[in-house]
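Colleague: I would like to go through the wording used for this model. Please set each term against its cut-off.

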Amino acid sequence: MSVVEVAVTGLGVVSPHGDDAGAMFDALMRGESALQPVFPELPKPAAAALAPFDELGWFTKLQLAGVDRVSQLAVAAAEMAMRDAGAPQDVAPERIGIYAGCGMGGAAALEAAYRSANGRVPPLTIPAFMPNAPAAQIAMRRQVQGPVLTYSVACASSGVALAEAAKAVQRGEVDLAIAGGSEALIVPGVVLAWQAMQTLAAFEPGEAARAVRPFASDRNGFALGEGAAFMVLESAERARARGARTYARLAGWGIGCDATHLTKPDAAGQARALRAALRTAGLSPDEVGYCNAHGTATRIGDVVERNALADVWGEALDDLQVSSTKALHGHLLGAAGALEAVITVLALHRRQLPPNAHGADIDPECRLNLVPQQGAAALRLEAAISNSFAFGGTNAVLAFRRT
């Protein structure tokens with residue numbers, strides 16, 4: 001019995017570089033950073049990447065009651081993905097599924113409730129901040145009656161969501177999957193919490209745009225980003241039958257847990273996920289030309305990821321080109337896997353690799369074939385992977401093939 005190939009036929013993003021996936025990719029290729037200073041009232045400087053987004057382009061003022069920004073971004077990105085896929089009309093509502101990643105839910109609604117000076121908390125605060133609200137809002141907008149599922153697995157949330165969606169398409173549980181994730185956490189309370197963990201990048205005045213330096217000797221952490229990214233997944237056979245454009249195939253995935261520490265990553269656990277993704281995709285390491293790394297620019301995390309790649313790729317490591325685009329769009333946490341998967345798909349589709357920005361002096365312990373500052377052409381690129389390694393120890397790796 002032949003394996004069903006899963007095609008990526010639609011892409012939709014609301015990102016720190018805008019809401020056009022192609023224009024976003026162009027900006028990344030130019031090395032444009034969306035990081036900027038936020039919340040000057042906080043005791044320590046903070047940088048973040050905000051998504052330019054007009055909610056009134058997608059909702060009426062009446063509809064916005066009880067809809068947190070995280071859900072607004074999700075609805076817009078999912079809708080754009082469906083439009084990009086040709087908005088297929090021949091699928092019964094119960095044969096469509098939504099698979100959404102969201103790490104922390106509606107932060108703006110929760111922050112407003114905590115800061116309510118008069119004790120009058122909005123009555124829709126609970127449905128606004130629950131992590132499954134984005135998926136539910138997409139379902140109502142699109143009248144989706146199949147499985148509507150949310151995966152809350154920290155930084156691996158939307159990577160896991162994409163893998164689970166691909167499995168559902170492959171098994172015939174749905175004909176069409178809207179899969180991805182959203183996150184909108186740029187509020188003072190969340191930023192303070194991440195600063196308390198000492199994981200956010202410090203920077204000098206005027207240097208916020210270059211604050212995140214993955215794999216560099218002077219790296220000192222990440223910056224938060226916000227946004228949403230969704231893909232439309234369907235069988236390659238169905239895509240061909242309706243004449244749909246296919247960007248790439250989601251060919252493999254690996255999901256596993258370090259089971260060692262809540263916040264400290266483990267190279268062996270990451271290597272298991274990498275091998276599982278290659279095995280599912282039927283790929284050998286030397287067939288994969290690009291890795292969109294998790295690359296958070298933390299002192300420990302970048303070394304661990306490099307060691308995991310070295311363990312799996314062995315002598316072929318120098319042939320694998322690597323970049324972490326978090327240097328430019330920030331860390332979207334629960335939406336990171338989806339946004340970076342879209343970037344990986346476009347890298348394959350265009351055969352162009354976005355740069356590993358801001359890393360002029362690379363840490364010897366992070367020795368990798370990093371994509372140069374100006375980006376790179378990859379005329380022979382046939383397969384690529386995207387890594388998402390989460391607090392809690394869950395690792396998710398997605399493997400894509402060109403069509």
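Colleague: What makes the crossing of H2 and H5 right-handed?

Modeller: A crossing is right-handed if the near helix is turned clockwise from the far one by less than a right angle, and left-handed if anticlockwise. H2 passes H5 in the right-handed way. This is a predicted model: local features need pLDDT of at least 70, side-chain atom pairs count only at pLDDT 80 or more, and totals for chains, interfaces and linings use all residues. Residues are numbered from 1 along each chain as its sequence is written, and side-chain values use heavy atoms, with hydrogens and water left out.

Colleague: Why is H2 called oblique to H5?

Modeller: The axes of H2 (residues 69–84) and H5 (residues 133–142) cross at roughly 45 degrees and come within 8 Å. Angles under 35 degrees count as roughly parallel, over 145 as roughly antiparallel, 65 to 115 as roughly perpendicular and the rest as oblique. H2 is therefore oblique to H5.

Colleague: Which residues of H2 and H5 meet?

Modeller: Contact means heavy atoms within 4.5 Å. From H2, Val70, Ser71, Ala74, Val75, Ala78, Glu79 and Met82 take part. They meet Ala133, Pro134, Gln137, Ile138, Arg141 and Arg142 of H5. These residues divide into 8 nonpolar, 2 polar and 3 charged. Ala, Val, Leu, Ile, Met, Phe, Trp, Tyr, Cys and Pro count as nonpolar, Asp, Glu, Lys and Arg as charged, and the others, Gly among them, as polar.

Colleague: Which residues of H5 are buried?

Modeller: Buried means under 20% relative accessible area (exposed is over 50%, partly exposed in between; 1.4 Å probe, protein chains only). In H5, Ala133, Pro134, Ala135, Gln137, Ile138 and Ala139 are buried. Their cover includes H2, H4 (125–129) and strand E4 (96–101). Just after H5, glutamine 143 has a positive phi of about 55 degrees.

Colleague: Why are H9 and H10 called oblique?

Modeller: H9 (residues 267–281) and H10 (residues 299–313) pack at about 45 degrees, their axes 8 Å apart. H9 and H10 are therefore oblique to each other. H9 passes H10 in a right-handed crossing.

Colleague: What is the strand order in the open sheet?

Modeller: The order is E2-E3-E7, with mixed pairing. E2 (35–38) and E7 (224–225) stand at the edges with a single partner strand each, so one side of each lacks a neighbour in the sheet.

Colleague: How do E3 and E7 pair?

Modeller: Two strands pair if DSSP finds at least two bridges between them. E3 (residues 46–49) and E7 have 2 bridges, in the parallel sense. Alanine 48 stands opposite leucine 224 in E7.

How values were computed:
Helix = DSSP H or I, 4+ residues; strand = E, 2+ residues; numbered from the N terminus. Axes fitted to C-alpha atoms, helices over the stretch in contact; angles between N-to-C directions.
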